[in-house]
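Hi,

Here is the model I promised to send over. Have a look, and my notes come after it.

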Amino acid sequence: MRKGKGIGKGINHSKSNNAESAKERGLGYALSTKALLGQNLIASIQKKGTLGALAFCNVNAQTLTDSMSKLHKATIRRVSDKARNSKNKANMVELQYLEKFKNQLADSKEIEPIIYKQGEDVHFYYPIITNTMCLQCHGSPIKDIKPLTLKKINELYPNDLAIGYSENEVRGIWSISFNEKK
C-alpha cells in the first residue's frame with residue numbers, strides 16, 4: 001500500500017467549533033477509557049502480578065470498554081492490525097488510519113486525531129502507543145515477556161498476534177463513533 005493512499009478522504013481538518021468539539025469529545029472518550037483500563041490494570045499488577053493482570057484483561061477489559069461506551073453514549077473500540085482478541089481486529093478503514101499513525105510516529109511528526117463526519121455521526125481515531133508497562137504482555141518473548149506469562153497468553157489467546165512490540169510503538173487505535181447532537 002502506498003503511503004497515504006485512501007487516507008484523508010473525509011477527514012475534517014477545519015478549525016470550526018463543531019470540528020473542535022468532536023475532537024475534544026472523541027479525545028475525552030478515548031482518554032477516559034484508557035484511564036479506567038489503566039487504573040484497573042495497574043491495580044491488578046500490584047495485587048496479583050503480570051499473570052493476574054493478564055487474567056483480569058482477558059475477563060474484564062472488554063466489559064470496562066463497553067461500560068464506557070454506555071456512559072458516553074458512543075461506540076468505543078480498541079483495534080489493532082496485530083490483535084490479541086479477534087474481536088479487536090481492525091477493519092480496512094482502521095488499518096489505513098493505523099498505518100498513518102505509525103508513519104507519523106516514525107517520522108517524529110505530531111500525531112493528531114483523525115475525525116471523519118457523516119452527517120451528525122462522528123468517527124474518531126487516535127493511536128494507542130506502547131509504554132514500558134505494556135511490554136510485560138506485548139513485548140518480545142523472553143526479553144520482555146516472562147515464560148509463564150507467555151504460556152498463559154498462548155493458553156488464553158491461541159491466535160495471539162499482539163507481541164513483539166517495543167516501547168513507543170503504535171500498538172493499535174481507538175476507534176470511536178458517536179452522534180455529535182447527543
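Below is what turned up, starting with the aromatic rings and ending with the strands.

First, the ground rules. It's a predicted model, so local features need pLDDT of at least 70, side-chain atom pairs count only at pLDDT 80 or more, and totals for chains, interfaces and linings use all residues. Residues are numbered from 1 along each chain as its sequence is written, and side-chain values use heavy atoms, with hydrogens and water left out.

There are 3 aromatic pairs (rings of Phe, Tyr and Trp, the latter by its six-membered ring, with centres within 6.5 Å; planes under 30 degrees apart are stacked, over 60 edge-to-face, the rest tilted). One of them is Tyr97 with Tyr125: the centres are 4.6 Å apart and the planes at 45°, so this pair is tilted. It links helix 2 (residues 92–106) to strand 3 (residues 121–129), across 28 residues (helices, H or I, of at least four residues and strands, E, of at least two are DSSP runs numbered from the N terminus). Both Tyr97 and Tyr125 are buried (under 20% relative accessible area; exposed is over 50%, partly exposed in between, with a 1.4 Å probe and protein chains only).

Phe124 and Tyr126 are stacked, at 6.3 Å and 25°. Phe124 is buried at 0%, while Tyr126 is partly exposed at 22%.

On to the strands. Strand 4 (residues 170–179) has 9 of its 10 residues buried. Strand 1 (residues 74–79) pairs antiparallel with strand 4 over 6 bridges (pairing takes at least two DSSP bridges), and Thr75 partners Ser177. Strand 3 also runs antiparallel to strand 4, with 9 bridges; there, Asp121 partners Asn179.

Cheers
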